[in-house]
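Please look over the sequence and the model shown here before reading the report that follows.

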Amino acid sequence: MTRTFVWILLLAGFLAGPLSVIAPLPPLASPVIAAEGAPPGESLGNESDADLWRRVRRGESFMLSDPRLGAAVLVQSEGEEWRSIRNGPVSRYGGILVLVGLGAVILFALLRGKVKIEGGRTGRRIPRFTMLERSIHWFVAAVFILLAISGLIILFGRYILLPVIGPSAFGAVASAAMQGHNLFGPLFIVGLLVMLFAYALDNIFQAADAKWIIKGGNLFGGHAPSWKYNFGEKTYFWLVVMTGLVLSVTGILMEFPGLVDTMWYLQVSTIVHATAALLVIPVAMGHIYLGSIGVEGALEGMTEGTVDENWAREHHDLWAEKVMREMAEDEPKGAAKPAPGAAE
Amino acid sequence: MTAANAVQTFIDTVDAAAASYMEACVHCGQCARACHFYETNNDPRLTPIYKIEPLIKTYKRHKAPFASLRRALGLVPAEITEDELNEWSELVYDTCTMCGRCTLVCPMGIDVAALVRKTREGFVAAGIVPEGLTGAAQRALDIGSPLGIKPETLRKIVDEQSQEVGIPIELDKVGADYLVVLSAMELLNFYEVIGALARIFKQAGVSWTISTEAYEATNIGIQMGDKEVARTLVGRIVDAAEKLKVKYVISPECGHAYTALKWEGPNLVGRPYDFKVVHILEFLDQLQREGKIRTKGKDTRRVTYHDPCQIVRRGGVVKQPRAILDTVSDGFVEMSHAGVANICCGGGGGVSSNPRAEDYRLRAFASKKKQIDDLGDIEALVTSCANCRNVIEEAIDEYGMELPVIGLVELLADYLEPESDAGEKAKLAEA
Amino acid sequence: MIIVEIIEGPLWYLAATVFVVGVLWRIIGILRLGRRTDLSVPRAAAIPGAVKALFRHLLPHHSFYNKTKLHLFAGYLFHIGLFVVLFFAAPHIAFLEERVLGFGWEAMPRWAFIVSAQAAFAGLILLWFRRIADPTMRQISDADDHVGSWLTFIAMLTGCLALQESNVSLRALHMLSVEIWLIYFPFSRLMHAFTFVLSRGYTGIIYGRRGVTP
């Protein structure tokens, strides 16, 4: 159906010029240029070929030979603008942003080193993430990484991979990246929405966050108050949610172009999609570093579901106190002391 | 050398069923969620399938398909060592009651408890068995009872019970229809059951006896994984039953005794019995349905029933206790997971005979306690396994709870129609 | 493209042979161990018990739904998704018809194929991360669990990357990863696709005789 339509468009494009003069159709949408003498060249009408093509190129719409098709744009002029934005500033500054993000992480790692548990490990564990929370996190993380890699190939592959592996191999890689990106995209949307509901409550900004900002967190050595998530984590969460929603909507438009009737939405979508991705990817790299090797004891929350008591105190003091108070209250009374029930 | 014995036993003991279980396991970890020891300790090592690691390693190294190919490539697990066995002893003996609840949740339907049994057989061969169990086995072999009840003691108890209920009980009666065997715990703590049986059987007109040569059905060999001991203990009952020419042997209110006598016994002695084995609950249910047991009145307390694993989940006696309870109780309520999914008391499979496991056992009871607590005000707990009963009573003390634990047979006997009533009815009928 | 020809020719036959022979060898190897005749008097018949057990263990006992919901959800998502993709996606049916069976059947629409693949990926990702993000799962997992998961993931991923069906090398890459998967299969825990019948069956037989199906 779509293919037929394209063929008609193309055919119409070739025929529109000559036919517009020959066929007894209503006048063109644009004002007819007044004939002042014979136009140059071998044109049949009173308009020069060059002028006509220029109008086509500018994106004016023309009535097609079949009146049922109405007026149509033959050449999408905005497409060229879109292309130059996408392959120009978006790629350039976006690429720089990703590299700057990477550099910042490395620089931080070199300057601050691994953030240690200052009080040492107590050996006592407190529950931080349930199995469900861990599953949601890792699901979104896995899909995010697959999408980031395939997305970066789609955007930057032509500059980085094409010169290295040559056009035929790049053809395969690009096709693969696109198919993979399209397949995993919808999974990200599902994961993002589930994550939004599962994590939102603890990520609402609180009064303690202001103090955290003033102290600059404990990234630079000091101690700053925090509930389950500190100000930085909360900001990252909302950045992921916001950019994620933008990526989702624009992604749906691109995966299902039939949903909108003008190219404009799709062009804007690709630019916005790329911009949002390039904003969140560098920050995600920081998140990955801090959550894994950057902060001693942090990863355990996501792998074991529990964290060391001292880690909790040093990084999330307010939350730690609350959880430990609750655990003390739950401690069963009686002669035999059953261990706390398994965390789901 | 000890480890080598275990290895050889592991190799010999794995059959197609055990192999299928070990081959099919996908390490999904669900069995942990069914295990009361795991749930009350939150210790990954207590995942049921992990408890049998020595058996799996040996199977993979020596017996699994492709084992020789894998060995050539260096892709088999190392031979198990004595240290490993010692380390695993806690997992194999102290934290598994072979209750088989994990099978219910297993997507592959693996009978982990059966694998634990086979693992225990290797431990027995290696001589790595908790002292509590070896001691009990020794007493069972020497004296005839793991708890040290001698024939003289039995005579005394039976005599006492006989006088109390005023019904003569003839020991070693040749040609009786039914041979009653008891559990060690009943003889030690709950011997009122003998009087209860005497009254019920008198009313129902059952011809029965107790043997002084084989009065105990508790089979420590089944629990610890010693086939020789198991065979000897079952053999005693078989010999006595055949000597007395009884038609039936009644398996008592004891979990592992039923498994030992009914399901594993013929395989242990290597031939079908000349008599039939019937569980006491099955038998009472049958008598009741035949109208041979008449009860009067009902217990009004709010009671619940604890299913002994070996009788219900692994024995198939599920409906009978409920039918019996319904005739004598007005306030019977089921606990969550009642029936085949019931949670073990924590002391089956030899765990209660193993002092080393006491902490684990008491902690595991928390799962049972939760079931009971969830019901709200329960006034009594009924069960039909003397070992469960003893374990639960101890744990109830330990947790500072107050809840009487009653044997089902005794409860039934309490509501038997008194003889005078029966006599009057008979007179009326005659008139 | 000699490599592509090898992958789609001899290597395919090798992989298929290893798979079929290996699977049979392993199943026979297990059954060969045999079982001694059970001399106890049964309460009920064994074979109906086995059939019952085969179906009963499709779901855990209802007492455990709440504790196992995540695993149950992810497990079914993955297995149903993979099964549907494997046997009802047009390219797979075409391949089976042309290279293996000689007959084909109705393929499902492409969108359903994509959705099934997404379900399979979602399930597999959840299952694997559950394996590494839980101390209990880590305690009982071994290398085979991870290799099996990853080989399956790679086979599925290369399949998804070749979705445009316009590139011979991408198709060959998918073929190659599937061949590696097939060769690995009989030596690994992937065998549970067949052995589940044996383990459920034996439990059904043993306990069916006792009148219960745990």
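How many helices and strands does the secondary structure of chain C come to? In this predicted model, chain C has 10 helices and 0 strands, and reading along its sequence gives the pattern α-α-α-α-α-α-α-α-α-α. The C-alpha trace of chain C spans about 65 × 40 × 35 Å along its principal axes, and of the 214 residues in this chain, 43% count as buried. Among the contacts in chain C with a separation of 6 or more, 76% are between residues 24 or more positions apart.

Chain C also meets chain B, where 48 residues of chain B are in contact with 46 residues of chain C. On the side of chain B that touches chain C, at least two residues each come from α2 (16-24), α3 (30-34), α5 (48-51), α9 (101-105) and α17 (255-269) of chain B, and the largest share, 7 residues, is supplied by α2(B). That side of chain B divides into 27 nonpolar, 12 polar and 9 charged residues.

Chain B also holds an open sheet of 4 strands, which are paired in parallel in the order β2-β1-β3-β4. Its edge strands, each pairing on one side only, are β2 (208-209) and β4 (276-279) of chain B. Strand β3 (residues 248-251) of chain B is joined to β4(B) by 4 bridges, and Y248(B) has K276(B) in β4(B) as its bridge partner. Two helices that pack on this sheet are set out below.

| Helix | Strands touched | Angle between directions |
|---|---|---|
| α17(B) | β3 and β4 of chain B | about 155° with β3(B) |
| α18 (residues 280-289) of chain B | β3 and β4 of chain B | about 80° with β4(B) |

Definitions and conventions
Residues numbered from 1 in each chain as written. Chains lettered and ligands numbered in written order. Predicted model: local features only at pLDDT ≥ 70, side-chain atom pairs only at ≥ 80, totals over all residues. Contact = placed C-beta atoms within 7 Å. Nonpolar A, V, L, I, M, F, W, Y, C, P; charged D, E, K, R; others polar. Buried ≥ 20, exposed ≤ 12 C-beta atoms within 10 Å, placed from the backbone. Pairing = 2+ DSSP bridges. Axes fitted to C-alpha atoms, helices over the stretch in contact; angles between N-to-C directions.
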